[in-house]
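Biologist: I'm new to reading protein models. Could you walk me through this one, a question at a time?

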Amino acid sequence: MGAAQSPALGAVMLAPAVLYILLLVAGPFLLAIFYAFSDARIGNTELHFVGLENFRSILQSRSFRIAVRNSFVFTIGSQIVVIIVSSILAIVLEKPFRGRGVIRFLVLLPWVAPIALGAIGWKWILDSIYSVISWVLVALHLYKPFSAPMWLGEPHLAIASVLLVHSWRLIPFSTVILLAGRTAIPKDIPEAAAVDGAGFWRTEFLILLPMMMPIISVAVLFGTIFTFTDMTVVYILTAGGPFDSTQVLPSLAFTVGIQGSDLAAGAAISLSLVPLLVIVAYLMLRVAHRAEVT
Amino acid sequence: MQTSLSAHALRKLAHVLVITLITVALAFPFYWMVVTSFKQNVDLYTMQNNPFIFNAKPTLDHLTFLFTQTRFVRWLGNTTFVGVVVVSITLVFALPAAYSLARLSGRWGERVGIGIFLTYLVPPTLLFIPLSRVIAYLGLQDSLWALILVYPSFTVPFSIWLLMGFFKAIPRELEDAAMVDGLTRFGAFVKMVIPISTSGILTVVIFTFTLVTQEFVYALTFLSSEANQMIGTGIPIFLVRGDVYYWGGLMAACLIASLPIALLYNLFLDRFIAGFTVGAVK
């Protein structure tokens, strides 16, 4: 007995959770596919099958192409910033020092506070008139009063702002994952490297970095999902503007599908997230599998 | 000796500098919320004033405004209510499922476990459009019950994943002994495994609750009236009247709603991370 399994009881205990998930994840997912091939609209009770029409029309729309571009710009750009900054932060936070607990709490704030609220904080910091950043630039005589840039009002600056807010939010998450990775490396490895005469940079880049690769990829894969599928940052900071220049796939799906009542087009837009999600899921399974084998 | 000492000091200085710089950059928005929350409007909206200091006396006006003139307290209540109910539902579904996957199922259990983990990668932004119709069909528009129905779809998978780890760490001998003493397998789960997994359960409770407070897309899609908002939607949408931003009140609201969540999450963070690293860290 004991280790022996009780398949019947196991199935009974598992079934409710699996059913719930199937009903509320798999169900809506299939419904999204169904909508994407139909002409569903809010308030319209009749549905017709329209084939690939929705996909054809979103591919022709300018805002969709901008949204695809932005989704990739924000995701790739913020992941680069996040990995660089969080790698540095993980190195400096690894060894205990006085006040590390407080520093850790402060550093984690962007990740643990609700993102909608953090984003409002940034909206105020980047305000068109009362931005504290503009005030500093004026005080440093880099800009004349009232001539500082509108951070969220000019397309390129708005894109940079969204990218940085995404990075700001994910740096703590990635740092904690990398810290977990560093503490898992046996202490004698960097010590042996020091004995052999390897300095700080050699130890970090030639010895620790290769060992950290699996855990770095976990951080990047989760970060990719979180950024690519997020609409909160864009919705609150810019609402997709100015002139749709910061629209991403999820926020465009919301604008078209919910606010514009075009369920079919909205579903087609959100389904275009799927290819990347599948790739990330595949890579994640590979990382997990490799960790099990070694 | 002299040079190595100064090299050491230089290193230390670089260490402190890097930490300070990054910490300031990451925590600045929250510092800014504090400063803004207590400034008088004349001070906030006079461009000549140095924004980093109090040019006029600090004030509690924004807090008074927030607690008396807005639905902020109601939103805190809504969020707590949804949080508590979703936590209960999550435990009811996730505890037995996680135990089943950790103990009662062999190879296929591992497959199902991975499948459940993968559903965590299906984002709300992919499902909110069809779900909005399901919610409308059920007559749950603009009701907190819509969120209570939908939120477990993302809290249950991750909770199962976390709890599986906890259950696997319990020595099998404990359950075997309990069953020799006459308990059934399910009895051993209820009377033995659950009580000694308190810390794992507490982790799931906190994690689920913070996920509920952080969710935005579903709340934005399903809820419409001011009285029914969660903190994440009520503050950004309903504290803005027309085009007028009450920055003092807004920042105070963000601060008050964020800090307790941040403190709680911070306490349990290392355990959530163990769930995220999917075995890539031993």
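Biologist: How many helices and how many strands does chain A have?
Modeller: This is a predicted model, where local features need pLDDT of at least 70, side-chain atom pairs count only at pLDDT 80 or more, and totals for chains, interfaces and linings use all residues. Residues are numbered from 1 along each chain as its sequence is written, while chains are lettered from A and ligands numbered from 1 in the order in which they are written. Helices (H or I, at least four residues) and strands (E, at least two) are DSSP runs, numbered from the N terminus. By that count, chain A has 13 helices and zero strands.

Biologist: What share of the residues of chain A count as buried?
Modeller: A residue is buried if 20 or more other C-beta atoms lie within 10 Å of its own, exposed if 12 or fewer, and partly exposed in between, with C-beta atoms placed from the backbone. Chain A has 294 residues, and the buried share of them is 43%.

Biologist: How many residues of helix α12 of chain A are buried?
Modeller: That helix covers residues 263-271 of chain A, and it is largely enclosed by the rest of the structure. Its buried residues include Leu263(A), Gly266(A), Ile269(A) and Leu271(A). The count of buried residues in α12 is nine of the nine.

Biologist: Is Trp122(A) buried or exposed?
Modeller: Trp122(A) sits in helix α5 (residues 115-125) of chain A. Two residues are in contact if their C-beta atoms, placed from the backbone, lie within 7 Å. Leaving aside neighbours within four places in sequence, Trp122(A) is in contact with Val165(A), Leu237(A) and Pro29(B). With 24 C-beta neighbours inside 10 Å, Trp122(A) is buried.

Biologist: How far apart in space are Trp122(A) and Val233(A)?
Modeller: Along the sequence, Trp122(A) and Val233(A) are 111 residues apart. In space, going C-alpha to C-alpha, the distance between Trp122(A) and Val233(A) is 9.7 Å.

Biologist: Over to chain B: what is its radius of gyration?
Modeller: Chain B comes to 14 helices and two strands. The radius of gyration is taken over C-alpha atoms, and the globule rule is 2.2 Å times the number of residues to the power 0.38. For 282 residues that rule gives 19 Å, and chain B is well over it, so it is more spread out than a compact globule; its radius of gyration is 24 Å.

Biologist: How many Å separate the centres of the two domains of chain B?
Modeller: Chain B is divided into domain 1 (2-59) and domain 2 (71-276), with bounds that come from an automatic or database domain assignment. Seven residues of domain 1 are in contact with six residues of domain 2. On the domain 1 side, α1(B) gives the most, with four residues. Taken over C-alpha atoms, the centres of the two domains are separated by 35 Å.

Biologist: Which helix gives the largest share of the side of chain B that touches chain A?
Modeller: Here 80 residues of chain B are in contact with 81 residues of chain A. Ala, Val, Leu, Ile, Met, Phe, Trp, Tyr, Cys and Pro count as nonpolar, Asp, Glu, Lys and Arg as charged, and the others, Gly among them, as polar. The chain B side divides into 57 nonpolar, 18 polar and five charged residues. Its largest share, 13 residues, comes from residues 247-276 of chain B, helix α14.

Biologist: Which residues is Ala98(B) in contact with, leaving aside its neighbours within four places in sequence?
Modeller: Ala98(B) is one of the core residues that touch the most other members. Its contacts beyond those neighbours are Ile160(B), Leu163(B), Met164(B) and Phe167(B).

Biologist: Is Trp145(B) buried, partly exposed or exposed?
Modeller: Trp145(B) is found in helix α7 (residues 144-150) of chain B. With 14 other C-beta atoms within 10 Å, Trp145(B) is partly exposed.

Note on methods: Core = buried A, V, L, I, M, F, W, Y, C linked by C-beta atoms within 7 Å.
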